[in-house]
Amino acid sequence: MTTTEVASKEAVRARRNYNFLFALTLLGLLIVLWVALSIATPNFMTDRNIPNLLRQGSLIAILALGQTFVIITAGIDLSVGAVAGFCTVVIALLLQSGVPVWLAIVITLLVGLAIGIFHAFGITKMGLPPFIITLATLTSLRGIGLLMTNGATISITDKSFTSFATGDFLSIPNLFWMVIVVALPSYVFLSHTRWGRYIFAVGSNPEAARLSGVRVQAILYLAYSLSAVFAAFVGVLLAVRLGIGNATQADGYELQAIASSVIGGTSLFGAVGSVHGPLIGAFILATINNGANLLNVNSFWQRIITGGLIILIVFFDQLRRRGR
Amino acid sequence: MTQATIGGEGVAARGPILELRNLSKTYGPVQALKPANLSFNYDEIHAIVGENGAGKSTLIKLLTGVIRRTGGEIFWNGTAVALDTPQEAIDHGINAVHQEVVLCRHLSVAANIFLGDERMKFGLLQKRQMTREAQKLLNDMGFNLPAGEMLGNLTIGQQQLVATARAALRGTKFLIFDEPTAYLTRQEAAQLFALIRRLRASGVTIVYISHRLEEVFELADRVSVLRDGNLVGTRDIADTNETELVSMMINRSLEQIYHKEVVPHGELLLETRNLSGRGFEDVSISVRRGEIVGLYGLIGAGRSEFVLSLFGRNPKTGGQIFWKGQPVDIRNERQAIKLGIALAPESRRDQGLNLNLPIGFNLNLPIYDRLTRGITISPREEADHANKQIRDLAIKTPSRRVLASSMSGGNQQKIVIGKWLNHGADLFIFDEPTVGVDVGTKAEIYRLLAALLKNGAGIIMISSYLPEVYELADTLHVFRSGRLTGSNPYHAVSHENVLAEAIGV
């Protein structure tokens with residue numbers, strides 16, 4: 001008894017230390033990358049590049065955050081890139097037809113919400129695996145978006161709208177502020193409300209959660225809606241940044257979002273994840289891409305490096321889990 | 001016949017094919033099989049009987065190399081063997097046919113029979129040849145099964161026959177059947193018995209594990225009885241009878257730990273009238289405050305399905321439920337919880353716990369709405385409620401942050417119960433609360449039941465362990481094949497009668 005007690009006491013300490021260390025390691029990795037790049041190239045630590053990097057990372061960071069809610073329920077949302085691309089079309093069309101900016105944004109976010117509700121409906125009522133239903137929206141949303149514009153790109157002429165992307169506040173790019181605006185409530189939600197707890201419970205064991213009185217289906221609606229609304233928000237930001245609406249935008253963002261989440265310590269088996277993890281993960285990926293560009297590394301290498309990083313980090317995480 | 005028969009009576013020149021000497025298995029502090037001496041002869045059908053948790057599956061797993069023994073020796077044809085891996089068991093010719101068929105549902109019958117031992121020519125599968133050979137094999141065995149059919153299209157019973165044919169093909173010398181007739185029709189069972197006799201005639205030793213004593217008497221040459229991990233004894237089938245076997249299966253040694261509290265019965269909490277649903281039919285019971293209602297029966301007899309229906313997990317198809325005198329329709333779990341019903345379900349792993357989350361999380365899961373202040377959860381109250389249960393239930397953990405998966409069975413059960421103590425309820429339903437739990441924790445759980453009764457709760461307790469429900473329940477209902485066979489007030493009948501009702505002898 002005493003030996004097992006001591007052993008598990010150590011295990012608790014080890015686990016807490018580990019979680020802390022993992023977050024620290026990720027942050028350390030990010031800092032090491034930054035330091036190495038500032039030494040390697042004079043073009044890295046410049047007034048132009050750093051805000052640019054933050055803007056690049058911001059969009060993926062928000063997608064990864066929404067994605068993380070879904071992954072914690074042991075699901076997956078492959079549609080986030082397509083939702084973002086589709087939503088650039090939606091907001092561009094709305095602005096073109098003279099809808100006020102604030103209303104256009106609200107309507108676009110509601111479109112995202114509808115998509116998220118549709119995903120949860122497919123999963124809970126039609127019994128479709130999350131992978132399938134979100135894969136289906138991934139392809140069909142791009143098609144719908146192209147149909148709506150007849151394949152054309154819609155420009156956004158409202159200067160007040162597009163200038164937001166290049167602006168900054170306290171010399172931090174506005175787009176990065178958007179990450180903070182999304183991340184703070186997300187943190188409170190995931191770590192300090194019962195709904196956050198229920199998301200973990202559903203991801204860990206939906207049957208046990210149900211028998212404890214958790215509305216499992218409602219939680220799935222919540223998680224997929226959050227992911228889709230975050231993706232719609234990224235669509236708005238993308239439209240702001242590039243000043244166009246085109247359904248083919250944000251191609252492959254879903255994989256970057258999933259990769260960021262996983263690099264940030266989210267378990268694809270569910271019930272393990274945080275808010276800070278995917279954020280750091282997204283900026284690590286953004287830094288690798290940015291650095292590779294600056295160093296004139298063949299852009300194909302960026303993809304290879306990203307893949308290697310995913311394998312490495314998840315492998316170490318598995319080692320830790322098995323060792324416990 | 002008071003001594004266990006050990007060794008080969010009635011064996012001619014040859015010794016036993018398999019002999020166990022002081023074989024034992026412990027899991028941590030739990031002794032799943034106490035040192036046992038047992039021998040299996042050539043050409044015999046050796047039945048093994050015992051209640052759930054008596055150690056039958058441990059014995060099977062030891063014999064098939066799935067788990068390693070803790071102590072003792074195993075002799076195969078007089079030679080000591082390790083039997084440490086499934087492959088080693090198969091190499092010797094030891095095979096098992098399990099209750100749940102472990103074959104590939106999406107392959108044909110023939111492909112399953114030859115799985116891992118396919119007929120090949122030039123590196124290509126000889127499908128037609130295999131189908132032909134498989135069909136011949138099945139026909140020879142008297143099974144009317146199509147070899148080309150996909151396995152998943154057959155009934156469970158037919159799949160069982162395929163699994164047996166597969167084992168028979170592999171030069172098996174020692175074949176273990178684990179509750180093979182659980183899902184079979186009478187006709188399929190008769191076919192299986194004929195095959196088993198034929199296998200014996202061809203020199204295969206058969207170990208036959210079953211709850212159904214009538215099958216044991218129909219089939220077996222000898223029978224061994226397990227109880228609480230003890231090998232109680234072995235009998236020649238001609239020298240024994242059902243009464244003796246039943247009394248050997250029942251344990252009285254734990255009686256002293258039962259803590260029966262007689263509390264005056266109060267308000268009528270729950271009543272069902274002719275309740276039916278998936279897996280049970282026509283069940284009428286009632287529970288009052290201060291009363292323990294025991295539901296006894298074998299696993300799969302419909303007890304768990306019945307209480308899941310009471311808890312709103314599965315819909316009822318007929319009958320009525322009354323809660324405190326009012327007719328109610330319990331459509332989901334939340335509604336049941338709101339009425340004041342709590343369920344500690346049968347499977348801790350699959351239904352009771354969020355294993356990869358902390359103990360405190362599990363304990364608080366039903367009450368997170370109450371712990372919420374404004375929008376956020378009060379961290380202090382969250383800690384207080386978890387720590388109170390950990391303290392009150394003596395859950396052996398250094399912290400509420402430890403994951404539930406790292407706890408022992410007994411402590412996990414306490415967490416499952418603790419979450420409902422945290423929440424509170426009028427009616428507590430405990431489904432197999434003491435399975436896989438050590439004796440000390442069992443006693444703690446019994447004391448806990450007594451405390452709940454004193455506080456005015458009513459309890460429904462499901463158990464496959466007869467002495468437990470027999471001693472604790474005020475009213476004992478016996479389930480068999482989804483129906484109640486009868487209801488007996490406390491100690492109105494003997495153990496033997498209750499067990500006989502449950503297994504239908």
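Leaving aside neighbours within four places in sequence, Asn22(B) is in contact with Pro35(B), Asn37(B), Gly71(B), Gly72(B) and Glu73(B), where two residues are in contact if their C-beta atoms, placed from the backbone, lie within 7 Å. This is a predicted model, in which local features need pLDDT of at least 70 and side-chain atom pairs count only at pLDDT 80 or more, whereas totals for chains, interfaces and linings use all residues. Residues are numbered from 1 along each chain as its sequence is written, while chains are lettered from A and ligands numbered from 1 in the order in which they are written.

- Asn22(B) belongs to strand β1 (residues 18-27) of chain B; helices (H or I, at least four residues) and strands (E, at least two) are DSSP runs, numbered from the N terminus.
- With 12 other C-beta atoms within 10 Å, Asn22(B) is exposed; a residue is buried if 20 or more other C-beta atoms lie within 10 Å of its own, exposed if 12 or fewer, and partly exposed in between.
- Although Asn22(B) and Gly72(B) are 50 residues apart along the chain, their C-alpha atoms are separated by 4.5 Å.

**Chain B overall**

- Chain B has 18 helices and 25 strands, and 47% of its 505 residues count as buried.
- Among the contacts in chain B between residues at least 6 apart in sequence, 69% join residues at least 24 apart.

**The six-stranded sheet of chain B**

- In chain B, 6 strands form an open sheet with mixed pairing, in the order β6-β9-β10-β3-β11-β12; two strands pair if DSSP finds at least two bridges between them.
- The edge strands are β6 (94-97) and β12 (230-236) of chain B, each of which pairs on one side only, and the twist averages 20° from one strand to the next.
- Helix α6 (residues 186-201) of chain B packs on the sheet, where it touches β3 (45-49), β9 and β10 (205-209) of chain B, and its direction makes about 145° with that of β10(B); axes are lines fitted to C-alpha atoms, for helices over the stretch in contact, and angles run from 0 to 180 degrees between N-to-C directions.
- Helix α8 (residues 242-249) of chain B lies across β3, β11 (222-227) and β12 of chain B, and runs at about 30° to β11(B).
- β6(B) and strand β9 (residues 174-178) of chain B run parallel and are joined by 4 bridges, with Ile176(B) in β9(B) as the bridge partner of Ala96(B).

**Strand β10(B)**

- Because 5 of the 5 residues of β10(B) are buried, this strand is largely enclosed by the rest of the structure.
- From β10(B), Thr205(B), Val207(B) and Ile209(B) point one way, Ile206(B) and Tyr208(B) point the other way, and all are buried.
- β9(B) and β10(B) run parallel and are joined by 5 bridges, with Leu175(B) standing opposite Ile206(B) in β10(B).
- β3(B) likewise runs parallel to β10(B), through 4 bridges, and the bridge partner of His46(B) in β10(B) is Val207(B).

**Helix packing in chain A**

- Helix α4 (residues 101-124) and helix α5 (residues 130-149) of chain A pack at an angle of about 140°, with their axes 9 Å apart.
- Ile115(A), His119(A), Gly122(A) and Ile123(A) in α4(A) meet Pro130(A), Ile133(A), Thr134(A) and Thr137(A) in α5(A).
- By class, this contact of α4(A) with α5(A) has 4 nonpolar, 4 polar and no charged residues; Ala, Val, Leu, Ile, Met, Phe, Trp, Tyr, Cys and Pro count as nonpolar, Asp, Glu, Lys and Arg as charged, and the others, Gly among them, as polar.

**Interface between the chains**

- 25 residues of chain A are in contact with 31 residues of chain B, and the elements that give two or more residues to the chain A side are α1 (2-40), α7 (174-192), α8 (194-204) and α9 (206-211) of chain A.
- By class, the side of chain A that touches chain B has 11 nonpolar, 7 polar and 7 charged residues.

- Ala271(A), in the loop between α11 (253-263) and α12 (276-294) of chain A, has a positive phi of about 70° although it is not a glycine, and with 22 C-beta neighbours inside 10 Å Ala271(A) counts as buried.
- Ala394(B), in the loop between α14 (379-392) and α15 (409-423) of chain B, has a positive phi near 55°, and with 11 other C-beta atoms within 10 Å Ala394(B) is exposed.
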